[in-house]
Amino acid sequence: MSDQMLVTAARLLGDGEVCVAGCGPARRAARLARATHAPGLTVLGDDGTVDGVPAATAGAAEFAAYWLQGGRVDVGLLAADQVDAFGNVNTTVLGEYDEPTARLSGAGAAAEIATGAGRVVVLLPHRLSAFVERVDFVTAPGALTGPLDRAQVGLRGAGPVAVVTDLGVLRPDPATAELVLTEVHPGVSVDRVRAETGWPLEVADEVGVTAPPTAAEVAALRAG
């Protein structure tokens, strides 16, 4: 996972917020935010930890019920293996569920995070094989198939507000809920992002460029 991707995701977390982070890069981004600009960020692990310490609940189910179902989580961070045009996340299988071509990292608490957090940030490397028009399996719902779907099925929160990759940042169009390229990382072209996306990617009228990691952010990543 690139430093730029982790730093960009970390910057989307606010001081004083409650964040639940899945495994790997999601947890690293949350820890980075807390070590730099958001020292008051509470970081919940999908393994039932609070700021790295096991919670005093009876188990994972009780942990999820208190924090996520109770509406106490501002933002969830999810690392994905595959994502589609509406921000739906797959970490389960490639191909048909009953006869998959590959089994992925697994669901963990991804579904609970995607349906219980106030907003969600998704992280993954930007590759054509991972950015597909429709995911092979919906592990964690994004906008499903359109802007009204989450509300119609009773899902809490806004769902994915950003998909952060090693090439840039995609955000949902308010009218269609389809992901749109809004920022690229330094040195990355729009054409490169489009070439690594498996649907006709819409691009914002003005595409921004993310700020490179600062020396302090790089040092915190190395230390954490």
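Author: Q152 counts as exposed, because its relative accessibility is 61% and the cut-off for that class is over 50%. In this predicted model, Q152 belongs to helix α5, which comprises residues 149-152. Between Q152 and A177 there are 25 residues of sequence separation, and their C-alpha atoms lie 14 Å apart in space.

D15 falls into another class of accessibility. With a relative accessible area of 49%, D15 is partly exposed, since exposed requires over 50% and buried under 20%. D15 is located in the loop that connects α1 (3-10) with β1 (18-21). Leaving aside residues up to four places away in sequence, the contacts of D15 are with H37, A38, P39, G40 and L41. For G40 there is a polar detail: its backbone nitrogen is 2.5 Å from a polar atom of the D15 side chain. A distance along the chain may also be given for D15: T115 is 100 residues away in sequence, and the two C-alpha atoms are 22 Å apart in space.

The helix α1, on one side of that loop, packs against helix α7 (residues 215-223). The axes of α1 and α7 are 11 Å apart and form an angle of about 105°. The two helices are therefore roughly perpendicular, as angles from 65 to 115 degrees are classed in this way. On the side of α1, the contact is formed by D3, L6 and V7, and on the side of α7 by E217, L221 and R222. By residue class, this contact of α1 with α7 contains 3 nonpolar and 3 charged residues, and no polar ones.

The interior may be considered next. In soluble globular proteins, nonpolar side chains tend to be buried together. Here the largest nonpolar core consists of 37 residues, and V73, L124, F131 and L170 have the most contacts inside it. Two or more residues of this core come from each of β1, α3 (60-67), α4 (110-116), β10 (119-123) and β14 (179-184). Apart from this core lies another, of 25 residues, which includes A30, L32, A220 and L221.

V73, one of the residues with the most contacts inside the largest core, touches V18, V20, L44, W67, L68, G116, A117 and G118, when residues up to four places away in sequence are not counted.

Technical notes: Residues are numbered from 1 along each chain as its sequence is written. This is a predicted model: local features need pLDDT of at least 70, side-chain atom pairs count only at pLDDT 80 or more; totals for chains, interfaces and linings use all residues. Side-chain values use heavy atoms; hydrogens and water are left out. Helices (H or I, at least four residues) and strands (E, at least two) are DSSP runs, numbered from the N terminus. Buried means under 20% relative accessible area, exposed over 50%, partly exposed in between (1.4 Å probe, protein chains only). Contact means heavy atoms within 4.5 Å. A polar contact is a pair of N or O atoms within 3.5 Å; within protein, one must be able to donate a hydrogen and the other to accept it, and residues adjacent in sequence count only if both atoms are side-chain atoms. A nonpolar core is a set of buried Ala, Val, Leu, Ile, Met, Phe, Trp, Tyr and Cys residues joined through side-chain atoms within 4.5 Å. Axes are lines fitted to C-alpha atoms, for helices over the stretch in contact, and angles run from 0 to 180 degrees between N-to-C directions. Angles under 35 degrees count as roughly parallel, over 145 as roughly antiparallel, 65 to 115 as roughly perpendicular and the rest as oblique. Ala, Val, Leu, Ile, Met, Phe, Trp, Tyr, Cys and Pro count as nonpolar, Asp, Glu, Lys and Arg as charged, and the others, Gly among them, as polar.
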